[in-house]
Amino acid sequence: MPERLPLLILAGSDPQPGPPPASMSHDDILSGFKAVQHLPNGSTLIGELITRFNASDRFEQPILIGPRRIYEGTVDCEIVDVEGNLAATLEKASEFIASRFNGSDPVAITACDILPTAEEIRLLLETNYDPNRESHFWWQLIDAKPIELSASSWKQSYKIRPQRNQPLMNLYPGHLVVVRIGALRMRVINSILQIAYRYRNRDLRTRHVTLAVQSFRRLLEEDLRSLASLRLPLFSILVPLHGLTAYYKMVRKQLTLHDLEHLVSRTIVHRAFHRSAQDRPARLTVTNILAFAKDIDTKAELAAVHP
């Protein structure tokens, strides 16, 4: 039996959510703390999610990162109190991991608004994570056609090839990661995720330049730290360059999983670990378990849940 992983559930709320997709209005989007929304069986979304992660028998008792005033009395788990948007929640999660766990230990992080079954959680880890458990950053992408996601079919997907000259896959971002923070640039991860979240519902054709420009300032700060440590400051140049190269490869339908994995490794993994884990410190794997792509953002998605 594999050792159980520590699990953090990010459960903050953005007081200024991003614009709705072009096909929707603000009235269609859930607001506030989605995790305390009630499901048809009477339980809250977060309560049902914790029950399912516990039933999977693959994790220690979850730890919730969010405001105590919202979740105390609602969840039966440890709460790490933090108020604020995704940036504040991610920063608190990083601080907590650093204080509670060894930097070389794997720690799982998930969102509060997905609802995979216990069997789906076990299957994902057995088929996707366990073979790659030595990595410093593991993340899944979901291969699916929009129609398969039903109420979630509006979500952004990406056309990527498994390998060159292989057929394109239509991939959606998953919502479970496993990290070893001692090997990762956590400040960079937090900043890039915050920027990506802010512009998440915009068309990719207009979003990529904005993401590159917004990321440049954060990467420049990393370069200044490198310069202070007498290391060559190229981070803020190379990473946006690699990112834009990957984008234009995707536009031409030539981007591969290896290309994307290489970009992730060079962006978020410290240089000292680039040659570790069989030269693949970041692992991106593909699954067809749809639940990990279905984060619940809209009233229609919540109504489609069948606990």
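## The end of helix 1

In this predicted model, helix 1 is followed by Asp 57, whose phi is positive, near 65°. Helices are DSSP runs of H or I with at least four residues, numbered from the N terminus, while strands are E runs of at least two.

Local features require pLDDT of at least 70 and side-chain atom pairs pLDDT 80 or more, whereas totals for chains, interfaces and linings use all residues. Residues are numbered from 1 along each chain as its sequence is written, and side-chain values use heavy atoms, with hydrogens and water left out.

## Buried residues of helix 1

Leu 45, Ile 46, Glu 48, Leu 49, Ile 50, Arg 52 and Phe 53 are the buried residues of helix 1; buried denotes under 20% relative accessible area, with a 1.4 Å probe and protein chains only. These residues pack against strand 1 (7-10), strand 2 (63-66), helix 2 (68-71), strand 4 (107-111) and helix 4.

## Packing of helix 1 on helix 4

The axes of helix 1 (residues 45-55) and helix 4 (residues 118-129) come within 8 Å and cross at roughly 50°. Axes are lines fitted to C-alpha atoms over the stretch in contact, and angles run from 0 to 180 degrees between N-to-C directions. The two helices are therefore oblique to each other, a class left after under 35 degrees (roughly parallel), over 145 (roughly antiparallel) and 65 to 115 (roughly perpendicular).

Arg 52, Phe 53 and Ala 55 of helix 1 meet Ala 118, Ile 121 and Arg 122 of helix 4 in this contact, where contact means heavy atoms within 4.5 Å.

## The whole chain

The protein chain contains ten helices and eight strands. Of its 307 residues, 49% are buried.

Definitions and conventions. Buried means under 20% relative accessible area, exposed over 50%, partly exposed in between (1.4 Å probe, protein chains only).
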